[in-house]
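Biologist: Can you walk me through this one? I'd like to start with how the chains meet.

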Amino acid sequence: MALITTDEQEALRDVMRGFLQKYSTESDVRSVMDGDDGYDAAAWRTAAEQIGVQGLVIPEEMGGGGYGFDELAIVMEETGRTLFPAPLLSTAVLASSALLAVGGSQAGELLARIAGGDLIATVAVSEAKLHWDPDDITTLASESGGRWALSGSKPYILDGAQAGVILVAACTRAGVSLFAVESGADGLSVDPLDSMDKTRRFAAARFDDTPAVLLGGDGSAWETLSGVYDRALAALACEQAGGAQAVLEMTVEYLNVRHQFGRPIGSFQAIKHRCADLLVEVESARSAAAYASAAVAAGADDASVAASIAKVYCSQAFYHVAAESIQMHGGIGFTWEHPAHLYFKRAKSSEALFGWPADHRDRIAKLIGLV
Amino acid sequence: MDPINAPEYSDFRREVRTWLAEHLVGEFYAHRGVGGPTDDTAWDVRLAWERELSKGNWLGLSWPVEYGGRGAGLAEEIIFEYEYARAAAPARVNFQALDLLGPTLLAHGTEEQKRRFLPRILAVEEMWGQGFSEPDAGSDLASVRTKAVLADGEWHIDGQKVWTTFGDRADWLYVLCRTDPDAALRHRGLTLLLVPVDQSGVEIRPIENIARSAEFSECFFNDARTTKDMVVGGVGNGWTVVMSTLSLERGSALMPMQLAVEREVGELIEAARHSGALDDRRVRQRLVDALIGVHIMRSTNLRVVSDLLGDRSGSTAAATASKLFASTHHQRLGELAVEILGAEAIFGSDDNARKLFLLSRAETIYGGTSEIQRNIIAERVLGLPR
């Protein structure tokens with residue numbers, strides 16, 4: 001979601017929207033919510049084969065699309081609109097960004113599997129906190145005879161139970177380092193969590209002398225992870241902006257058809273003015289997400305600040321629009337049958353994911369030298 | 001990423017920067033950041049500065065050369081305004097003519113009107129005031145009652161206008177009058193007239209605003225006269241003309257506002273650092289929110305300006321929303337400034353924070369109240385039923 005999109009990028013948006021209209025309808029979303037898998041394997045495969053969504057930013061020589069973050073941002077905005085329940089943020093943003101930044105043959109092999117749609121992967125950093133902070137990492141990595149093993153736990157891993165590989169941030173004597181852990185590894189236990197937002201899955205993992213492969217330099221992962229974090233925040237912000245826009249559209253549609261006192265309730269000024277304020281928030285969220293995406297794509301100096309700003313603003317805007325949507329739908333908006341609660345829960349879970357707005361205000365304050 | 005930093009404009013940008021560096025000196029330099037649309041501070045210095053700008057041929061950049069402009073494009077105009085705001089040059093005093101009446105005449109005026117008025121606006125020889133609102137016609141502008149009757153080749157005007165910014169400095173007023181009281185639709189019988197101030201039938205009384213500055217006025221018309229040819233856009237077409245004046249989508253006006261607010265946030269941060277308030281996490285969180293607001297203004301402006309320059313329309317909704325966002329955000333900033341500076345702003349004599357706090361109240365009222373903005377967004381952008 002760049003500040004200015006090209007015709008080619010708009011064509012990608014159309015393709016993605018067409019795909020989601022077919023594979024991410026409300027009933028698709030609900031059937032994934034009710035299942036244990038957390039995603040629809042057939043839709044996931046189709047996304048890889050027809051569009052190459054998973055490998056969008058992976059270089060062509062590794063089987064990917066060779067696109068940049070601007071294109072990824074457009075995809076995230078579209079998936080956010082329909083709440084596409086799939087491990088895309090983890091695989092195509094978190095893991096792909098980390099592996100691309102790390103480089104090397106092991107990372108390359110994993111990237112090729114991701115691009116082919118054959119591997120779901122995620123990144124596990126935070127532990128006691130939700131935002132990423134090197135001081136928060138207590139999982140330890142130790143080496144013996146050239147082999148690394150991890151001990152510790154990560155309580156909330158995005159798509160942790162779906163992932164074939166978890167990229168784990170752990171401490172060595174040299175500092176924070178990044179390790180690849182295969183699902184089913186010895187000493188690894190992964191427990192799916194019963195989250196409020198069923199369109200997004202989390203799992204808790206324990207590592208008990210679990211074999212792991214070191215990716216990148218020993219002790220030098222934090223810089224890599226900071227870049228991954230900015231990309232994840234910008235991508236999430238696009239998803240949130242897309243969700244906010246979709247839920248406002250849905251609400252306005254209802255306000256035009258629902259009649260009380262002999263007129264459409266959208267004609268009442270009490271409703272109109274609230275909707276106008278929501279439109280301001282939605283457009284502002286789009287601006288923040290677009291700026292952050294453009295900054296991340298360009299590797300601009302203010303990319304981290306812009307990413308955290310987008311995280312703060314888009315989190316609040318999406319939640320506010322989703323909450324107002326329930327109110328404006330009245331009783332029907334409080335039912336399980338109506339989709340309003342799907343957006344409401346997604347908005348709240350997204351607000352917490354990667355750290356609360358207050359955490360990001362602290363991050364911004366630090367980045368710009370207020371502390 | 002930033003369309004106005006594109007290399008094709010670098011010569012022009014350098015020209016602007018060089019000129020400002022050479023001319024924004026001495027007394028002018030001392031008045032950086034001074035003044036605004038509701039602030040008549042340091043009028044004489046600002047007037048002298050505007051004449052300096054005129055000598056440099058920087059006023060009316062996009063106006064055609066035959067009327068004294070440069071015939072430049074939108075990009076140049078935006079770059080100029082951006083650099084102008086970056087240098088914090090004093091706020092221009094005749095913005096009513098430069099931003100509103102001038103473009104209106106260019107769109108709807110007669111050839112004689114353009115030749116008569118536009119060069120004198122650019123030479124800072126004639127100041128203009130707006131006569132739209134009346135005591136009983138604020139948001140409901142179509143209910144204006146100021147009456148104009150054509151007799152013996154002259155318009156005779158009777159009535160009262162109010163909230164005329166810098167009215168007591170004006171040489172001319174552009175006045176929305178009712179010329180056909182019998183028109184079935186009340187916005188059909190309106191006409192925009194250009195009226196000279198220097199006559200016995202026009203009386204202008206300044207009104208003190210909330211900060212006790214007499215920046216706006218009420219104007220009384222008691223058989224005031226103007227010649228027959230002073231109609232803009234035709235008799236009975238006043239509503240259409242005025243609506244186009246009010247909707248002048250000026251991408252160039254967005255950047256300066258954002259830069260001014262950015263400067264205020266920066267000053268507030270320094271004040272908070274100085275007073276030790278910055279050590280408080282709650283204060284830091286709120287200052288970050290203030291910065292986030294500025295960042296959003298900038299991001300939205302970049303979207304809007306990119307679209308304007310590329311002749312695209314993807315950000316129309318964002319452009320409509322930006323006034324509501326900016327005015328609300330600026331008021332919150334004023335409140336935060338008073339809170340952070342505390343006693344000094346309220347009981348003491350810190351005039352800057354107090355001015356921000358007080359003057360920002362006008363921004364959700366002038367140029368269409370926030371309530372009218374919300375109606376426009378709800379009905380025209382979102383398509384909710386009337």
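Biologist: How many residues of chain A are in contact with chain B?
Modeller: This is a predicted model. In it, 33 residues of chain A are in contact with 31 residues of chain B.

Biologist: Which elements give two or more residues to the chain A side?
Modeller: Those are α7, α8 (269-298), α9 (303-329) and α11 (357-367) of chain A.

Biologist: And which gives the most?
Modeller: α8(A), with 15 residues.

Biologist: What is that side like by class?
Modeller: The side of chain A that touches chain B has 23 nonpolar residues, six polar and four charged.

Biologist: New topic. What domains does chain A have?
Modeller: The domain assignment gives domain 1 (7-118), domain 2 (122-219) and domain 3 (223-367).

Biologist: How many residues of domain 2 of chain A are in contact with domain 3?
Modeller: 13 residues of domain 2 of chain A are in contact with 16 residues of domain 3 of chain A. On the domain 2 side, seven are nonpolar, four polar and two charged. The C-alpha centres of these two domains lie 29 Å apart.

Biologist: Now the largest nonpolar core. Which residues touch the most other members?
Modeller: A:Leu167, A:Ala292 and A:Ala310, out of 235 residues in that core.

Biologist: Where does the largest share of this core come from?
Modeller: Helix α7 (residues 221-257) of chain A, with 19 residues.

Biologist: Back to A:Leu167. What does A:Leu167 touch?
Modeller: Leaving out residues up to four places away in sequence, A:Leu167 touches A:Ala95, A:Ala98, A:Ala121, A:Thr122, A:Val123, A:Ala124, A:Leu178, A:Ala180 and A:Leu215.

Methods: Residues numbered from 1 in each chain as written. Chains lettered and ligands numbered in written order. Predicted model: local features only at pLDDT ≥ 70, side-chain atom pairs only at ≥ 80, totals over all residues. Core = buried A, V, L, I, M, F, W, Y, C linked by C-beta atoms within 7 Å. Buried ≥ 20, exposed ≤ 12 C-beta atoms within 10 Å, placed from the backbone. Helix = DSSP H or I, 4+ residues; strand = E, 2+ residues; numbered from the N terminus. Contact = placed C-beta atoms within 7 Å. Nonpolar A, V, L, I, M, F, W, Y, C, P; charged D, E, K, R; others polar. Domains from an automatic or database assignment.
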